[in-house]
Amino acid sequence: MSVIVDFLIGFFILVGALLCLIAMFGVIRLPDVYTRNHAASKAATLGVMSILLGTFLYFYFYEGHFNSRVILGIVFLFMTAPVSGHLINRAAYNSGVKIWDKSVRDDLKEYNQKKRNKSSID
Amino acid sequence: MFKLVMTISLIIVAISTLLYVYRLVKGPSTPDRVIALDAIGINLIAITAIISVVLNTSAFVEVILLLGILAFIGTVAFSKYLEKGEIIENDRDQ
C-alpha cells in the first residue's frame, strides 16, 4: 500500500515538474506573443495542477487529513489561469503587437476591417 | 527514493522558474514580460507545494491560495492597463 501511494505521489509531482519545464521551453523558444502565451497558460497550469494533486494525496495518505485548501487552490488555478491568459492575449492584440510573419491567417483582422467598413457606410 | 524524486522535481521547477527570467529581460514587447511574470508566479505555487511535502508540514498551504489570487489580480490589472490606459476607470471622465 505504502509503495503504491509513494509511486502515485512521486508520479504526479514528477510529471507536473516536467510539464513546468516544457512550458518554460515553449515560452523561451516560440516565435511570438500568442504562441508563447499558448504554451505558458496551458502547460504550466496543467503541471501545477498535477503537483498540487500530488501534494493533496500526500497529506491525505500520510497525515490523514483532507486538506480542502489544496483542492480550493486546484479549482481556483483551473478557473483563473485561462482567463488571465485570454486577457493578456487580447490586450496584446489590441495594443498592436504583431503576429509572427510566417503565420497565414488572421481572422480577427478581417472581422475588425469589415466592422469598420460597415460603420463608415452607416 | 521518495526524497530523491521530490528533490529532482524541486530542482526542475526551480530551473524552469529561473529561465523565465530570460524572457522577462529580453521579451520584445510588454505582454511578453507580463506572461513571464505570471508564469513565474504560477511556478512559485508549485515550489511552495513541493516544499510543504519535503518539510512534511501543511503550514504553507495558505500561501498557495494567496499566490494564485495575487498572480491573477496582477495580470488582470496589467492587461487592463495595456488595453485601456487606465486600471480603474472614472465614470465622470466620459
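User: Hi! What should I know about the numbering and the model?
Analyst: Residues count from 1 along each chain as its sequence is written, and chains are lettered from A in the order in which they are written. The model is predicted, with local features needing pLDDT of at least 70 and side-chain atom pairs 80 or more, and side-chain values use heavy atoms, leaving out hydrogens and water.

User: How do helix 1 and helix 2 of chain A cross?
Analyst: The axes of helix 1 (residues 2-29) and helix 2 (residues 33-63) of chain A come within 8 Å and cross at roughly 160 degrees. The two helices are therefore roughly antiparallel (over 145 degrees).

User: Which kinds of residue make up that contact?
Analyst: There are 23 nonpolar, seven polar and two charged residues. Ala, Val, Leu, Ile, Met, Phe, Trp, Tyr, Cys and Pro count as nonpolar, Asp, Glu, Lys and Arg as charged, and the others as polar.

User: Is A:Met24 buried or exposed?
Analyst: A:Met24 counts as buried, at 1% relative accessibility (buried is under 20%, exposed over 50%, partly exposed in between, with a 1.4 Å probe and protein chains only).

User: And where is A:Met24?
Analyst: A:Met24 is in helix 1 of chain A.

User: New topic: how are the rings of A:Phe56 and A:Phe66 arranged?
Analyst: A:Phe56 is buried at 9%. Its ring and that of A:Phe66 have centres 5.2 Å apart and planes at 85 degrees, so the pair is edge-to-face (centres within 6.5 Å, planes over 60 degrees apart).

User: What about A:Phe66, buried or exposed?
Analyst: A:Phe66 is exposed, with a relative accessible area of 54%.

How values were computed. Axes are lines fitted to C-alpha atoms, for helices over the stretch in contact, and angles run from 0 to 180 degrees between N-to-C directions. Helices (H or I, at least four residues) and strands (E, at least two) are DSSP runs, numbered from the N terminus. Angles under 35 degrees count as roughly parallel, over 145 as roughly antiparallel, 65 to 115 as roughly perpendicular and the rest as oblique. Rings of Phe, Tyr and Trp (its six-membered ring) pair if their centres lie within 6.5 Å; planes under 30 degrees apart count as stacked, over 60 as edge-to-face and the rest as tilted.
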